[in-house]
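User: I am new to this structure and would like a guided tour. Could you take me through it step by step?
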Amino acid sequence: MFELYFLLLFMILGAIIAVEMKDLLSSVVAVGAVGLGLSVAFLILKAPDLAITQLVVEILCLIILIRATIRRDIPPLERGKEVVGSIMVLLFIGGFLFFAYSALKDLPSFGHPIMRVSQNYLAEGLKKTGATNLVTSVILDFRAYDTLGEATVLFTAVVGVLVVLRRIGRKKVGEIVKEEDE
Amino acid sequence: MIYLMCLILFSIGIYCILVKRNLIKIIIGIGIVEYAVNLFFILLGYRAGGRAPILDEKQVVQNMVDPLPQALILTAIVIGLAVTVLIVSIAVRIYEKYGTFDITKIRRLRG
Amino acid sequence: MTLIVKTITRLTVGLILLYGIYIVTHGHLSPGGGFAGGVIIALSFVHLMLAFGKDLALKKLSESLASFFESFGAIMFLTIALLGFIGGYFFFNFVFKGKPFNLFSAGIIPLCNIAICLKVGAGLFAVFVALVLLSSTTQKGNK
């Protein structure tokens, strides 16, 4: 799995660039590169459904982020970074990685999963649902309730965005309120 | 070993959320954390030498990777999109009101 | 936008919409499904808006029509779920399952895919329209 290691290294480098650059547009582009690398990683791990969905979702996220930052690029005044806070965060992350490494030994080794429930889905998926794409049969027949929950979350997010971005609200003195149709 | 690299990606995102002062950098950190968690789940379900979970007409052997984590992460990717869209819209409103993205200056609570 | 962008958009926007519909309707036979197809359809309208400005895109799909489609998709998904009570329990697969590898097979799964595609596509387009309208009034208000 040499290409998977290489891709993960590329994603880690992209993430470090996205975190450390001072220019906002460059870091948004770097996080877009990390997302596209993730889509290729899904393809290497034999998950084509996820690769398509991650690609298009990443493109939409990039468009919305660039739209939000393109004309508002005023860099904040750096009045000296907080050194004590950064050191404490680095210590916390070091401790977290140490404990995670000793906990990862209990997981099954990479490439040999324990598929206790999925053996059932793989063996009887075609007979019970009639669909040949087994991932679709899992999300829309065996676990359709989760899809209902996800549709509700999306609906709530859209309603939330349309409420936050309204112009009709409180009027300040001297401000002209434009009537907007939503 | 590959799990550890995935967790390093996760910790880069956590560092970005906790240390940076620009609001857009915090949103980028949340995005990196989401990518790392989704990748970790799919790494758990990979079977060495397996096929994609799509049935074929003339298939001989049925040696597929795990379809259950893929179904769960499909939901998670779309929910991640919804969360990102919502917090970007809140950030745009904050910029309109305060004129800056710096979180140390956005502290006034309206009574 | 420049002339090159406008020409390419005019040529490819219909193909992107058609590709999105293909991914939605063949969701039970090949990878894809309702969510990816819905986002692709929303992206085709966003592409139109980025190249030609918001007036032309809003003429193709107005805000009230987008809001209607989103609610209609959600209600259709819930109705299909409630109709499962005919067979026994919530979300029961009650439509006749044909032969595999056909387009009209797999029970309620294609109908659910279409409902989710309408919901996701219309919702994401409405979000983008709201973002564009906000920044345009901000620009006019600052001048």
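Analyst: A definition comes first: axes are lines fitted to C-alpha atoms, for helices over the stretch in contact, and angles run from 0 to 180 degrees between N-to-C directions. Helices (H or I, at least four residues) and strands (E, at least two) are DSSP runs, numbered from the N terminus. This is a predicted model, in which local features need pLDDT of at least 70 and side-chain atom pairs count only at pLDDT 80 or more, while totals for chains, interfaces and linings use all residues. Residues are numbered from 1 along each chain as its sequence is written, and chains are lettered from A and ligands numbered from 1 in the order in which they are written.

User: Thanks. How many helices and strands does chain C have?
Analyst: Chain C has five helices and zero strands. Along the sequence, its pattern reads α-α-α-α-α.

User: At what angle do α1 and α2 of chain C cross?
Analyst: The axes of α1(C) (residues 3-25) and α2(C) (residues 34-52) cross at roughly 165° and come within 8 Å. Therefore α1(C) is roughly antiparallel to α2(C), a term for angles over 145 degrees.

User: And is the crossing left-handed or right-handed?
Analyst: The crossing of α1(C) past α2(C) is left-handed, meaning that the near helix is turned anticlockwise from the far one by less than a right angle.

User: Which residues make that contact?
Analyst: On α1(C) they include V5(C), V13(C) and I23(C), and on α2(C) they include I40(C), L48(C) and F52(C). Two residues are in contact if their C-beta atoms, placed from the backbone, lie within 7 Å. The contact of these two helices has 14 nonpolar, six polar and one charged residues. Here Ala, Val, Leu, Ile, Met, Phe, Trp, Tyr, Cys and Pro count as nonpolar, Asp, Glu, Lys and Arg as charged, and the others, Gly among them, as polar.

User: What share of chain C is buried?
Analyst: Of its 143 residues, 40% count as buried. A residue is buried if 20 or more other C-beta atoms lie within 10 Å of its own. Among contacts in chain C with a separation of 6 or more, 68% join residues 24 or more positions apart.

User: Now the chain contacts. How many residues does chain A put into its contact with chain C?
Analyst: Chain A contributes 36 residues and chain C contributes 41 residues. On the chain A side, α3, α5, α6 and α7 each give two or more residues. The largest share, eleven residues, comes from α3(A). This side of chain A divides into 21 nonpolar, seven polar and eight charged residues.

User: What about chains A and B?
Analyst: In that contact, 66 residues of chain B meet 71 residues of chain A. On the chain B side, the largest share is the 22 residues from α3(B). The chain B side has 48 nonpolar, eleven polar and seven charged residues.

User: Which domains does chain A have?
Analyst: The assignment, which comes from an automatic or database source, gives domain 1 (1-72) and domain 2 (125-167). Their C-alpha centres lie 24 Å apart.

User: Is L24(A) buried or exposed?
Analyst: L24(A) is buried because 22 other C-beta atoms lie within 10 Å. L24(A) belongs to helix α2 (residues 24-44) of chain A. Its C-alpha atom is separated by 8.5 Å from that of I70(A), 46 residues apart along the chain.

User: Last one: where is K46(A)?
Analyst: K46(A) sits in the loop between α2 and α3 of chain A. K46(A) is also buried, with 22 other C-beta atoms within 10 Å. Its phi is near 60°, a positive value in a residue other than glycine. Most residues other than glycine have a negative phi.

Terms used. Buried ≥ 20, exposed ≤ 12 C-beta atoms within 10 Å, placed from the backbone. Parallel < 35°, antiparallel > 145°, perpendicular 65-115°, else oblique.
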